[in-house]
Amino acid sequence: MKRKIIITDDGSSTIQIPEWNEQYHSTHGAIQEAQHVFIKNGLHYFVSENKTKTIAILEIGFGTGLNAFITLLESEKLKLNINYHGVEAYPVALEELKQLNYVSQLQAFKKEEAFHKMHVTPWGATHSITESFQLHKEQKDFLEITHQEAFDVIYFDAFGARVQPELWTEFVFEIMYKALKPNGVLVTYAARGSVKRALKSIGFTLERLAGPLGKRHMLRAVKNV
């Protein structure tokens, strides 16, 4: 499918799929969405609730690497050790990645090499991107995930249910539930009723939170066992 680079409202770039009228991130701001949904309400929340310095994160939809890159930056600010696992069925091409402006928009010039390394390291193995950030990328379908109680936080950043409803089902969320450790947290930008019902049916404790700019709500689901 054809993809093109566009600039979102906060000045940060994302990838658009014109055929689907769908973007990898919110057109209201790629960076602001990532910081609000995944960092503030996912990573920061888990740290505040669990007082831990070593965190395992699973990202559903590694995509442009924006969520991973901001997490890396936060790991240094908060002195965290991050084991990051990104799953992506259709990796972004290096030619496209070179057009993304996350390093400049985040004023993270000292970490430009780290952002590049995230994308050029081979898939299917664990690599040290920095001393405190380990990355393991897997190119596969989300339905093939078989991890059991392996992750503290899940960034559920799949394409929306409008274009890929099969990714927002009870079957998929059961895979996520099993992959989380007890008291693990799943966060997503989505808040539609069908998603809430699917998460609740699996056993998650659900919170509907204020969404990022341009979106009323988002969801946080906790595995309380």
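Residues are numbered from 1 along each chain as its sequence is written. In this predicted model, local features need pLDDT of at least 70 and side-chain atom pairs count only at pLDDT 80 or more, while totals for chains, interfaces and linings use all residues; side-chain values use heavy atoms, leaving out hydrogens and water.

**Exercise 1.** Work out which residues of helix 7 are buried and what covers them.

Solution. 
1. Find helix 7 at residues 193-202; helices are DSSP runs of H or I with at least four residues, strands are runs of E with at least two, and both are numbered from the N terminus.
2. Pick out Val195, Ala198, Leu199 and Ile202, which are buried (under 20% relative accessible area; exposed is over 50%, partly exposed in between; 1.4 Å probe, protein chains only).
3. Look down the axis: the buried residues fall within an arc of 95 degrees, so they line one face of helix 7. The arc is taken from the directions from the helix axis to the C-beta atoms.
4. Turn to the other side, where Arg197 and Lys200 are exposed.
5. The cover over the buried residues includes helix 6, strand 9, strand 10 and strand 11 (contact means heavy atoms within 4.5 Å).
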